[in-house]
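Work through these exercises with the model open beside you. Try each task before you read its solution.

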Amino acid sequence: MTNKEMMLAALKDSGHFIDRENNVVYVSPKFNHEAEKFDTDECKTLDAVMKRFPQMTIREYVPKRKARLTFQAMEVFICQMPNAEKNYDEFMRLRKTAPASHRNPYKAVCDWFEKKYPYYGKSIVYNDEGKQVWNLVEASRLAKEEQARRAAANECNVIPMPSAADNAISA
């Protein structure tokens, strides 16, 4: 278990974590709020820690939230990848049918997207042998070539980039 994992586990269990290497006592927001009240268990715990380690500083730890993947971001990404038309149609079909068939339609669409595009958000990915398995620039280049070839051959319609008005599909 890494130091970060131990800290997160301690914050979840007891509300505080003592980092002796950096002379910091990390406290959760709830623990900190309760520690401000006189004669609570949290106040007594923090007093005992500060008496034993007077050089330590107290920091409130608030975890960073991961940015939520939006439908519009998914659409833009799909339109920039190879096989955009087929995957875009599948995305829109799932997006329209998910509210009726899934308890959490956003999660259903997001799970499909993450399974279809596991390297989303990464520019280059290498496998264990050091071989490149994903390159965003190369994938975008291939998609543009494919769209240009299909448009020139009139095989199918080229998918335009989604606009804000297109994103107003009811979920």
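Predicted model: local features only at pLDDT ≥ 70, side-chain atom pairs only at ≥ 80, totals over all residues.

Residues are numbered from 1 along each chain as its sequence is written, and side-chain values use heavy atoms, with hydrogens and water left out.

**Exercise 1.** Find how many salt bridges the structure holds, then examine the pair D39 and K44.

Solution. 
- Step 1: Apply the criterion, a side-chain nitrogen of Lys or Arg within 4 Å of a carboxyl oxygen of Asp or Glu.
- Step 2: The count is five salt bridges.
- Step 3: K44 is partly exposed, at 45% relative accessibility. (Buried means under 20% relative accessible area, exposed over 50%, partly exposed in between, with a 1.4 Å probe and protein chains only.)

**Exercise 2.** Determine which parts the salt bridge between E90 and K116 ties together.

Solution. 
- Step 1: The closest N and O atoms of E90 and K116 are 3.9 Å apart.
- Step 2: E90 belongs to helix α5 (residues 84–101) and K116 to helix α6 (residues 105–116), so the bridge joins parts 26 residues apart in sequence. (Helices, H or I of at least four residues, are DSSP runs numbered from the N terminus.)
- Step 3: Check accessibility. E90 is partly exposed at 24%, and K116 is partly exposed at 33%.

**Exercise 3.** Locate K107 and D111, and describe their spacing along the helix.

Solution. 
- Step 1: K107 and D111 form a salt bridge, with their closest N and O atoms 3.0 Å apart.
- Step 2: Both residues sit in helix α6, four residues apart, or about one turn of the helix.
- Step 3: K107 is partly exposed at 44%; D111 is partly exposed at 36%.

**Exercise 4.** Describe how helix α4 packs with α6.

Solution. 
- Step 1: Helix α4 (residues 71–79) meets α6 at an angle of about 25°, and the axes are 11 Å apart. (Axes are lines fitted to C-alpha atoms over the stretch in contact, and angles run from 0 to 180 degrees between N-to-C directions.)
- Step 2: Classify the angle. α4 is roughly parallel to α6, a label for angles under 35 degrees.
- Step 3: List the contact, meaning heavy atoms within 4.5 Å. α4 supplies F71, M74, F77 and I78, and α6 supplies Y106, V109, C110, W112 and F113.

Methods:
Helix = DSSP H or I, 4+ residues; strand = E, 2+ residues; numbered from the N terminus. Parallel < 35°, antiparallel > 145°, perpendicular 65-115°, else oblique.
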